Amino acid sequence: MLHKRRNYRRLRQAIEIHEPIIGRYPLNVQIQTTSLCNGKCRFCGYLGSWNQKNPGRMSWEIYEKIIQNLKKFRIGKFYPYGANEPLLDKEIFYKIRYAVENLSPECVELSTNLSILSRGTLDEIKELFPRIKHKIVVSFHGISQDSYEDQMGLDYNISLKNVLSLVELSQEAPLKIMIHGTSSARRSFSKLKVWFGADEYFKFWGEKLSLFKMKPGISYFDYYNLAGMPQLRNQGEFYNKIFRSKLKKFYCSWFDRYIFFNYTGEPLLCCMDYIKETGFGEGIEEKTIEELYSSPRYTQMIRKGIGLIDSENDFICKRCSDPFEQE
């Protein structure tokens, strides 16, 4: 809580004396190189999202300009994905290498459902990731064929085989892998056929990984509301709540420590914004990163976010209950 207050004060001071909002800390960068995702996860905002309705791929010109614009910043984590499945981008490893060579990020984090995996992909992972600080996050939301396919809409047997292939690769190559799972026992979410909790999830992976010496990390968390994306509101009451009526002294690290580019080259304020309600209205084709992140649209959203000015009753920060960004 104390560091949240300190970060709020520093951000407010930067706004009041007209200092740059971003660049005061190592900048964490998330880039959506393609809008495509093959998952149909019940709890994800992708289905019915702007990205699904407006599919596309980031051009090399846009990607290159983003990376070149970032060279003047110290880069913390680099996330080559965002509201998508990055392995559907056939150039994803080339793009990661380009970013690493130009930005020297402190860490590269690749998040994937791993439902598609080829020998070539494993070779790319083996060649690239042991040379850099990294994390490979695998989304696997289930403990059986029924629970996995009910939640994710993907083939359980193929995905499990792919996960185990990656873990097998980590026995010979130093790979940092984390497997994430989520479910819900909340009664408001009544469409799930199979519910499970943390104990069941850890037991499942304990059995599946018992023969491996080098094991990935395992993480479980309950559903959270994903900033109340409207396409999810028929899936449970916790997707349709205002969690805070006021934002006075509210702070989120996405205000000044993260940037996120949609595949179009337009930044979004929030990584959970699947409908582009926090879009900047212009992108990297028209402006530099410094210009975008000092624009009236951006600074107004930040002022609303920390409660310096009034915001709409359903402003995205009021709807958010992200467990990873608690006040």
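Which residue in β5 does Val-137 stand opposite? It's Met-178. This is a predicted model, so to speak of local features pLDDT must be at least 70, with side-chain atom pairs counting only at pLDDT 80 or more, while totals for chains, interfaces and linings use all residues. Residues are numbered from 1 along each chain as its sequence is written, and side-chain values use heavy atoms, leaving out hydrogens and water.

Now for the sheet. Strands count as paired if DSSP finds at least two bridges between them. Strands β4 (residues 134-139) and β5 (residues 177-183) run parallel, joined by 4 bridges.

On to the core, meaning buried Ala, Val, Leu, Ile, Met, Phe, Trp, Tyr and Cys residues joined through side-chain atoms within 4.5 Å. The largest nonpolar core has 100 residues, and Leu-70, Phe-129, Phe-140, Leu-166 and Phe-255 have the most contacts inside it. Helix α4 (residues 92-103) gives the most to this core, with 7 residues.

Last, the cysteines. There are 0 disulfides (cysteine sulfur pairs within 2.5 Å) in the structure.

| Cysteine | Nearest cysteine sulfur | Distance | Relative accessibility |
|---|---|---|---|
| Cys-107 | Cys-271 | 16 Å | 10% |
| Cys-317 | Cys-252 | 6.6 Å | 10% |

Key
Buried means under 20% relative accessible area, exposed over 50%, partly exposed in between (1.4 Å probe, protein chains only). Helices (H or I, at least four residues) and strands (E, at least two) are DSSP runs, numbered from the N terminus.
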